[in-house]
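Subject: Structure for you to look at

Hi there,

Have a look at it first, then read on.

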Amino acid sequence: DAYRISSGPDHPAFASALNNLAIIYQEMGRFDESLPILEEAERIDSAAGVVAIADRIAVNSNIANVALWKGDLNEAERRYRACLRIAEDHETESEETYAICLANLGILLRNNGRCAEADSLYRRALELMEVYYEPDQLECTKLRTLIAETIICRGLCAEAANELATVQRDLKNTVGSQHPDYAIAVSLLACAQEQCGEYGVAVENARAAWRIRVKMLNDLLPVLAEKNALDYSEEFLSESSNLLSVLINCREHGVDVESYLSEVTISSKGRVTEGLLRRRSERATSTDPTVQALHDSLNMTRTEMSNHYVWGADDDSESFDLQLATLTTLKRRLEQDLAEKLGTSDYSTVDTLDVEMIAKALPERTVLIDYVRYDHRTVGLETEPRYLALLVSRSETAVFELGAAASIDTMVQSYRRHMNRDLGLDFGE
């Protein structure tokens, strides 16, 4: 409102304020509410023309985020290409922005199986980034990792493994071995090594990448804002799928992975759910405006805390520690206030289980059977949803492949329709 009054409803400064507000909504997981705000910002920026180049790119990129959240890949690609066109028209003004637009579009195309197009975009982006950054800096290593992924897709495992080993070394020196980009590089290195037939070391690297994700999720989930928590959870589950794929593929070549399979199967299902799902559901179900206000304030605080945790300290570590301590105190107070309003004892608890805990809790001569749906990755990085069955008893555990999810889902749906129609039972759809 202050920007609308001071600069007018059609000024680029007001559009920038709208875009910032939309980003906050997206951080809180409220994508639907962010879209009309972004569309209004886009209208203002388009009318302003060359004055608002950076804002026009940012707004279109954020609208693409909404499209991705809705699963509308065509709209997301259209918006990313709009970013690219705007950046191309003014490339000399911001080559770095142009490179980011190239990379964003490349990631979307790669995720849709268009590796050759993505590879070309990544390489153009890297050429531009290397004008501003050294090859071992994070801005360049991100792109080198993406290029290595497309090399794996083409079956050139030795070339990809060599490049990823160099990227891994550079990342360890610049951002450390617990950074999410380091985990991505190690995970892809495992894929390249598996493709080259180096099964033992592939398993170890896949497990190392997964353990980094486990630590990140354990450390960050209680403090992350809604969107950040969802992103980190999805990245953890994706890493779990990758590890399961490596383990199962390498098991076919004689590598003993049984204990690892049961560990990742149970852990992946248990780590993500309670804290994240409880936070997401309580605001949606509560009609008390005080609860919703507390929830929004808590999410804002979590957003700031998550940025501190993810990006770390700048040059002034004392100021960083003071800000983090202030945010931690505020977060705890808001959680306590919210817990009192909701009648719960702890608002941010995340429960986890492991195979040993489950096995000890089972009565004698009983078996727990659980089913896991995951995205199985081939050596060429193509994915296919599949099912596993986990069997746990007090004496042993085992994991069995059941096959492709599509055929199993069809059989289950047919069985449910049969039970509903012929026996009059309500098995749902």
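A word on terms before the first finding: a patch is made of residues with over 30% relative accessible area and no salt bridge, and nonpolar side chains are joined within 5 Å. Please keep in mind that this is a predicted model.

By that definition, Val367, Ile369, Tyr371, Phe400 and Leu402 make up a nonpolar surface patch, and their accessible area together is about 490 Å². Two elements, β1 (368-377) and β3 (397-404), each give two or more residues to the patch. One of its members, isoleucine 369, sits in strand β1 and counts as partly exposed because its relative accessibility is 45%, between the 20% and 50% cut-offs.

Next, the helices. Helix α9 covers residues 157-174, and its 18 residues should span 26 Å at 1.5 Å a residue; the end C-alpha atoms are 25 Å apart, so the two values agree. Its buried residues are Cys157, Ala160, Ala161, Leu164, Val167, Gln168, Asp170 and Leu171, and they pack against α8 (138-153) and α10 (180-195). Residues three or four places apart in an α-helix point the same way, because there are 3.6 residues a turn. Just after α9, glycine 176 has a positive phi of about 95 degrees.

Finally, do look at aspartate 119 in helix α7 (residues 115-132). Aspartate 119 counts as buried because its relative accessibility is 10%, which is under 20%. Its side chain makes a polar contact of 2.8 Å with the side chain of arginine 123. Leaving aside residues up to four places away in sequence, aspartate 119 touches Ile147, Thr150 and Arg154.

Best wishes

Conventions:
Residues are numbered from 1 along each chain as its sequence is written. This is a predicted model: local features need pLDDT of at least 70, side-chain atom pairs count only at pLDDT 80 or more; totals for chains, interfaces and linings use all residues. Side-chain values use heavy atoms; hydrogens and water are left out. Helices (H or I, at least four residues) and strands (E, at least two) are DSSP runs, numbered from the N terminus. Buried means under 20% relative accessible area, exposed over 50%, partly exposed in between (1.4 Å probe, protein chains only). A polar contact is a pair of N or O atoms within 3.5 Å; within protein, one must be able to donate a hydrogen and the other to accept it, and residues adjacent in sequence count only if both atoms are side-chain atoms. Contact means heavy atoms within 4.5 Å. Patches are made of residues with over 30% relative accessible area and no salt bridge: like charges are joined within 9 Å, nonpolar side chains (Val, Leu, Ile, Met, Phe, Trp, Tyr) within 5 Å. Accessible areas come from the Shrake-Rupley method with a 1.4 Å probe; for residues, only the protein chains shown count as cover. A salt bridge is a side-chain nitrogen of Lys or Arg within 4 Å of a carboxyl oxygen of Asp or Glu. The expected span of a helix is 1.5 Å times one less than its number of residues.
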